[in-house]
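Please look over the sequence and the model shown here before reading on. The report is written for a reader who meets this structure for the first time.

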Amino acid sequence: MTYSTNTTAPAQPRTLETEILIAGGGPCGLMLANELGRRGIRCLLVDAKPGTAFNPQANATQARTMEHFRRLGFAHEIRRLGLPADHPTDIAYFTRYTGHELARIHLPTAAQATEKIKAMTGSWSAAELPHRVSQKFVEAALRGHAEAWPTSDVRYGWRLERFADTGDGIDACIRPTESGAPVEVKARFLVGADGPRSIVRSELGVEWGGVTGIQRDFMGGKMFAIYLRSAQFISALTHPKAWMYVAVNHERRAFMASVDGVAEYAFHAAVHPHENPETWTEADARRIFAQTVGVDVPIEILSMGVWQAGHALVAKQFQRGRVFIAGDAAHLFTPTGGLGYNTAVEDAVNLGWKLAAVLRGQAPAALLESYEAERRPLAERNTGYARRFADSVGLFAASPELEEDSPRGDAERRAAAEHLDAHARLEFNIPGVTFGGRYDGSPVIVADGTAAPPDEPNRYVPTACPGGRPPHAWLDDGRSLFDLFGCDWTVLVLGSEPPDTAPFEAIAHARGLELRIVRLAEPMLRDLYEAPLVLIRPDQIVAWRGSSADDAQAVLDQVTAHRSLQESHP
């Protein structure tokens, strides 16, 4: 079947050959290029934009995403970006930014996160803590690493013009955005990470599932965005600095995130149904910003635009034949909880190792079917959480009395403070959302009959129940357990008298699988994992755990989609 966005055949184009063609150079496409590059898989990434994002876009990198950046070796680089190390990362709620402060959740600075991480236990035991950094900085760093791989060809200013899945591969055409000759591309697979208006998804005819058009006073409907610079804002602020400033009043709801910790901010204001923000000028932008601050503060407008909140959408299919969709092409969020960008990164992590395994001949094409089986339920889970967070803050009604200097105003502010304090903890203290995503029911996870703890946003119980993130621990020598995992497969061998691992090693060697054996005798780890042998996937997910390696062949058959465990034991 052929999908085309341009029916004019180019004359005598040049031809490129690659293994993976990636449409889209946002966080998902760039992360995929890095996952493939580190495995020596040739990829060609194209994006119609001239470069990575200018606007800040997403503003928070979750701890699980930071763990993946650590796995690839550049978490420390990402943590140096964005806010200065000593800048507060608080989320604070005000009537207006120079008005009454209603609530505040205090969170560690980047320096404190680095200093205190080894003392964190329970829900927040992790190799990395979250980092408040705008997506524009992350994209630039991901691009630099993607371009450094000798097998990666990263081309901004190029668009995907047409593609066809021939059954044996992908025939596509790419063209420079401005001018220039088209280029024919032959690839083994195509990944559409080309955003909410995805050409790939559209040409495949894949429909959205879920809901859109949700209306709320805030985070539901049109939002007006301003990327601005104001050296005077902090001096006008009558409260301690924060990372995110949320305005709650009856006139205009808004939020603003600090981009560089000095003078740049990403400001977003709710648009009322009777307003047409498409016609707004810079004068309107200054008026709306002053309205939210409470005083007129000079600003330099770097960019402005309109976007739509109120989405909770997941594509009904993530794969057709040799074509996949990922990131915003596969799911659309209202950006409460910062889940859209982080979910997109994990799409790439999940798909990257599977594509590499198939291309290396280590697994059959059936392994790729597990991408949708694992990631689509996660997208539905995460869009559901984002919708819950948006309802919590956006359906709160701000009365005119909230700003009164009167006993009635005091009572309104106490009620608002109680609600917003609870909301802030619901949306921003979310280890369960961050670490608790699971692939239960996946055909390439070997279940052991145990059940994972309940999925709760604000509580995460570490568990080695197959299908989820391995429990984290800091070792006596100061290393993170996760730093011992191999680049691909790992067998954790735990306890003072562990079983033999030779069957796993022999089968992995025969199949060309890179397998690291990690032997740790600490009783604490044996108790934490509740088994002496644990198989960790390349994306740092528990694939299997058990007490002996007797079924090693059957286990490796299932986790690489050669056949199910049931088929191995008729």
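## The model and its numbering

This is a predicted model, in which local features need pLDDT of at least 70 and side-chain atom pairs count only at pLDDT 80 or more, while totals for chains, interfaces and linings use all residues. Residues are numbered from 1 along each chain as its sequence is written, and side-chain values use heavy atoms, with hydrogens and water left out.

Helices (H or I, at least four residues) and strands (E, at least two) are DSSP runs numbered from the N terminus. Two packed helices are described by the angle between their axes and the distance between the axes. Axes here are lines fitted to C-alpha atoms, for helices over the stretch in contact, and angles run from 0 to 180 degrees between N-to-C directions.

Helix 1 (residues 27–37) and helix 9 (residues 339–359) have axes that come within 8 Å and cross at roughly 30°, which makes helix 1 roughly parallel to helix 9 (angles under 35 degrees count as roughly parallel, over 145 as roughly antiparallel, 65 to 115 as roughly perpendicular and the rest as oblique). Their crossing is right-handed, a term for a near helix turned clockwise from the far one by less than a right angle, with left-handed for anticlockwise.

Four strands form an open sheet in the order 23-22-24-25, with mixed pairing; two strands pair if DSSP finds at least two bridges between them. Strand 23 (515–520) and strand 25 (542–546) stand at the edges with a single partner strand each, so one side of each has no neighbour in the sheet. Strand 22 (residues 489–494) runs parallel to strand 23, joined by six bridges, and Trp489 stands opposite Leu515 in strand 23. Helix 15 (residues 552–559) packs on the sheet, touching strand 22, strand 24 (533–536) and strand 25.

## The cysteines

The structure holds zero disulfides (pairs of cysteine sulfur atoms within 2.5 Å). The sulfur of Cys43 lies 12 Å from the closest cysteine sulfur, in Cys28, which is too far for a bond. Cys43 is buried, with a relative accessible area of 2%, and Cys465 is buried at 4% (buried means under 20% relative accessible area, exposed over 50%, partly exposed in between, with a 1.4 Å probe and protein chains only).

Methods. Contact means heavy atoms within 4.5 Å.
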